[in-house]
Amino acid sequence: MSSPSKGEWLKPGDVLQKLKAKKRALKARINQGIRKQALESSQLSCFKGTSQKRTNPFRCGGDDGNAKRPRLAPAAAAPEPSMDQTLFEILRSGVGDMRTEVGGRAAPAPAAGPATGPARSASFVGLLSATATQKQQEPQVDPAPKGVPDLPTDWGLKTKIRFLSKTPFPWTSRLKTLEEASAVTSCVRCLSTEQSGLDTSPNARLHRHALYWQHPWLPWLQLFPRLNRRPTGPRSLFVDPAMQDLLRTEWGESLRSLFQLLRSRQCPFFYVCASSFCCLFRSAGVGGITDTHAIITPTSRGLRDLLKRDDVQFTLPLRPGAPRPPTSAPESATSAPESTTSASESAGGSAPDTVSGSPPPAASPGEGQTEPSSPAAGEDVLEASEDEDEDAEHWLERMGIQADAMPGMHSTRRKLQQESNSDGRPESTALVTGGDVYALLNFLLNSRACVAASGPLAGVPTTLLAPVGFQGASLQPLKVRHGTVQQARQTLHSFELAGPVMPHAVAGLVRLVRSSHHQFTVSLAGVRGGEALSRLPAPGPLAAPSVFGQQGLSDCGLEPDLVETLCQPPPAEGAPTAVLREVTCQEGLYTW
């Protein structure tokens, strides 16, 4: 139907058709606006539960391309976007290039809003993006690795040490002739395998650290460990007094030879293992103490009484409130103990247990240990307690009550009971320094209390263990065993060494394994009561630096880095102790 010309009348049918056409166009615009609103709401449904405001289909210039559009103001004068628009911009920017299928057609994600420049920097989006950019630009600091590069020295004797690793160890269970010869030569001559031109294979180095010196050596008797061992088994073969005297004489010569090596700093330390105690002798400079000293653990009241009878002055550094170990002995080291001993003997009591050269603190009968750090304070406390005990006893006598009727009220008996409570514990560890070490040596040589009187070891002298050779010593190897262990459904490779493992052997074995493995675990089993040897408190501030002890022990037969570790003082108060039971190595750092 052709459109009517100007000036012609329209027929009713033409008017109806034109109205229907306008109606269809209006309906099409309404449907298109609804479809667009549904598309936008479907894209934002995953981020926000509420939808945008519905678009008015009757607004001017809604979808007509020919309609006039309002002129936009300059960007600088644009108003600040509302909070809703800012949040929508954040959500739309997170969508990115995501496409949503609506009605079988792919619709692009909405573009970012027009907020740019200063307006964007002042908006919520600008602040959020600036914060994110700042976080990305900040350098990320990695957490510090846990552990220490070197293990401290654990002075307790070990009976067994076992290494576990996921990878196999480079040594085998059978030694070759050259490997065994090189290990024995380096141990006897105190040579380093790296500098002496000897065999440096893993088997030779392992066998080198598994050798030790011992006296006496009787293959049919187990001479280590002897501490608190029950006297079970057949009767000793050394029942003849002549045989016992011969063994005792040879043992005394070996002990004198070993002590002379210690005095001349040719031997850093050695152990004397008896059936009731273990005594560790250390050279001057070892452990931060500038004098030759000895540590006895555990002790009993009877042993302490025997030491006092032989004028061996000692302290109990692990007692609560005990003073720190002394660092040196002055020139008047011999006059002070003699005067103290004579005064105590004239009074009818025993000599107080003080270190030679230090002022004699007040001591309770039978112990010789001061609780407070200052002697004057200790004397006041002890005098006050004695006065209270005497007043209580006198009060009972005035009341007509006999002292025998209440034995618990006796002050002497109570003191003896308190002294016996620490027997066999770490608190009973005794420290002997300076010139009193010679008196302790005479006590070990002459006292019969150190030798067992019954059992399979009756009449056998105490066991001497040292890292270097001495007169009458026997060179013995540790028992090495290789195998695999199932742990947490994993197969781990292991090797184990059994016997008297001394501190230098522990340090050497750990360093040997670390040279070939970056991750492994060490388990150590020690002699009962040996932990007290590693809990000795650090000496006072007048201790000499470890470099002096290291220079003095330069010819002791051990490697220089190991000597440096031995000369380090004990950890300070509050630091973890050097008692090693389970050690883990991760990337060259140790934790225990």
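**Helix packing and salt bridges in the predicted model**

Helix α6 is mostly covered, with six of its eight residues buried. The model described here is a predicted one. The buried residues of α6 are Asn203, Ala204, Leu206, His207, Arg208 and His209. The elements that cover these buried residues include helix α5, strands β4 (211-215), β10 (474-477) and β12, and helix α13 (503-514).

Two packed helices are described by the angle between their axes and the distance between the axes. For helix α5 (residues 177-188) and helix α6 (residues 202-209), the axes come within 8 Å and cross at roughly 40°. α5 is therefore oblique to α6, and the crossing of the two helices is right-handed. On the α5 side, the residues that meet α6 are Glu179, Glu180, Ala183, Val184, Ser186 and Cys187. Their counterparts in α6 are Asn203, Ala204, His207 and Arg208. Each of these four α6 residues, Asn203, Ala204, His207 and Arg208, is also listed among the buried residues of the helix.

In the protein as a whole, there are 15 helices and 15 strands. The protein has 592 residues, and buried residues make up 38% of them. The accessible surface comes to about 34100 Å², and carbon and sulfur atoms account for 54% of that area. Among contacts with a separation of 6 or more, 74% are between residues 24 or more positions apart.

Charged side chains were considered next. Side chains of opposite charge can pair when their charged atoms come close. The count of salt bridges in the protein comes to nine. One of them joins the side chains of Lys160 and Glu496, with an N to O distance of 3.9 Å. This pair links distant parts of the chain, since Lys160 lies in strand β3 (residues 158-165) and Glu496 in strand β12 (residues 490-501), 336 residues apart. Strand β12 is also among the elements that cover the buried residues of α6. Lys160 is partly exposed, with a relative accessible area of 38%, whereas Glu496 counts as buried at 13% relative accessibility.

A salt bridge is also formed by Lys308 and Asp305, whose closest N and O atoms are 3.4 Å apart. Both residues belong to helix α8 (residues 301-309), and because they are three residues apart there, about one helical turn separates them. Lys308 counts as buried, at 6% relative accessibility. Asp305 counts as partly exposed, at 22%; the limit for a buried residue is under 20%.

In a further salt bridge, between Arg535 and Glu531, the closest N and O atoms are 3.3 Å apart. Arg535 has a relative accessible area of 36% and is partly exposed. Glu531 also counts as partly exposed, with 31% relative accessibility. Elsewhere, salt bridges that share partners join Lys160, Arg481 and Glu496 into one network.

Definitions and conventions: Residues are numbered from 1 along each chain as its sequence is written. This is a predicted model: local features need pLDDT of at least 70, side-chain atom pairs count only at pLDDT 80 or more; totals for chains, interfaces and linings use all residues. Side-chain values use heavy atoms; hydrogens and water are left out. Buried means under 20% relative accessible area, exposed over 50%, partly exposed in between (1.4 Å probe, protein chains only). Contact means heavy atoms within 4.5 Å. Accessible areas come from the Shrake-Rupley method with a 1.4 Å probe; for residues, only the protein chains shown count as cover. A salt bridge is a side-chain nitrogen of Lys or Arg within 4 Å of a carboxyl oxygen of Asp or Glu. Axes are lines fitted to C-alpha atoms, for helices over the stretch in contact, and angles run from 0 to 180 degrees between N-to-C directions. Angles under 35 degrees count as roughly parallel, over 145 as roughly antiparallel, 65 to 115 as roughly perpendicular and the rest as oblique. A crossing is left-handed if the near helix is turned anticlockwise from the far one by less than a right angle, and right-handed if clockwise.
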